[in-house]
Amino acid sequence: MAEIVYPPVLRTALTAFRLLDLRFHLEGTERIPRGGGAVLASNHVSYLDFVFAGFAAHPAGRLVRFMAKKEVFDHPVSGPLMRGMHHIPVDRSAGAGAYDAAVRALKDGEIVGNFAEATISRSFTLKEIKSGPIRMAAEAGVPVIPVALWGGQRLWTKGRPRRLLQRHVPITILVGEPLHPGIGDDIAGLTADLRRRMADLLDEAQRTYPDRPEGVWWQPAHLGGTAPTPEEAAALDAADRSRRR
């Protein structure tokens, strides 16, 4: 695929990171293959997670094709950018098309990014995850690589005003050991294993984060923050779904 849009967008993002002095801490990026397909399965705490999860593949010289809801592609500004970067639209009323497109991309040697929780976690803990990353990887014969992101919620997340010009924010990106699912494997068991690995990475990212004040909105409740508990977050999500219906 011709890469006309993705490289300049990436350069712009990297320049913005430098100007804002975002303090990145990356671990495990050597686990991202320099060639061939792979699924990056990431947690989701921020509207900027596409950028940060993609940044995990930057040391390997790879570009990540993210699966994102169709509404992002319909937007007059983000839509042309998403299509130009060859990301994969997901129509939640007809998800098979996105799944098939992702499997084709994986077989063609692309890295496909998937936010396995499907939506941003308001509690900043890991929600239940979908089986899609495991199923896609098994069908395409590629690994699934767990990723944990932390810090981006301080810049822009669900239910909070954007603070995109905030400076010196630490951003942690941890890449875990890959799983290698195959046709005929226990999908449910592998999905549970993937979730455990993602949860462990997220817990490590949170507990080793350089800023850990208590009582702040962007810290999960079990670590002394005032973010909604998982139960409260689930109720807020249910209310959102009801309003949309």
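Colleague: Hi! I'm new to this one. Which residues of α2 are buried?
Modeller: Welcome! In this predicted model, the buried residues of α2 are D49, F52, A53, G54, F55 and A56.

Colleague: And where does α2 run, and is it mostly covered or mostly open?
Modeller: Helix α2 spans residues 49–56 and is mostly covered, with 6 of its 8 residues buried.

Colleague: Changing topic: what does UniProt list for residues 38–152?
Modeller: An unreviewed UniProt entry gives that span as "domain: Phospholipid/glycerol acyltransferase".

Colleague: How far apart are the ends of that span, and how much of it is helix or strand?
Modeller: The end C-alpha atoms of residues 38–152 are 24 Å apart.

Colleague: Now the aromatics. How many aromatic pairs are there?
Modeller: The structure has 13 aromatic pairs. One of them joins Y47 and W156, with ring centres 5.0 Å apart and 50° between the planes, a tilted arrangement.

Colleague: Where do Y47 and W156 sit in the chain?
Modeller: They come from distant parts of the chain, 109 residues apart. Y47 is in the loop between β2 (38–42) and α2, while W156 is in the loop between β6 (144–150) and β7 (170–175).

Colleague: Why does Y47 count as partly exposed?
Modeller: Because its relative accessibility is 38%, and partly exposed covers the range between under 20% (buried) and over 50% (exposed). W156 also counts as partly exposed, because its relative accessibility is 25%.

Colleague: Back to α2 for a moment. What kind of pair do F50 and F66 form?
Modeller: F50 and F66 form an edge-to-face pair, 5.4 Å from centre to centre with 85° between the planes. This pair also links distant parts of the chain: F50 belongs to helix α2 and F66 to strand β3 (residues 64–69), 16 residues apart.

Colleague: Is F66 buried or exposed?
Modeller: F66 is buried, at a relative accessible area of 2%.

Colleague: Which residues do ring pairs link into a cluster?
Modeller: That cluster is made of F124, W150, Y209, W217 and W218.

Colleague: Which charged end sits over the ring of W218?
Modeller: That's R154, whose charged end is 4.2 Å from the centre of the W218 ring.

Colleague: One last thing: what sits over the ring of W156?
Modeller: The charged end of R162 does, 5.0 Å from the ring centre. So W156 takes part in the tilted pair with Y47 and also has R162 over its ring.

Technical notes
Residues numbered from 1 in each chain as written. Predicted model: local features only at pLDDT ≥ 70, side-chain atom pairs only at ≥ 80, totals over all residues. Heavy atoms only, no water. Buried < 20%, exposed > 50% of the residue type's maximum accessible area, 1.4 Å probe, protein only. Helix = DSSP H or I, 4+ residues; strand = E, 2+ residues; numbered from the N terminus. UniProt positions renumbered as here; feature names shortened; annotations may be inferred. Phe/Tyr/Trp six-rings, centres within 6.5 Å; stacked < 30°, edge-to-face > 60°. Lys NZ or Arg CZ within 6 Å of the ring centre and 35° of its normal.
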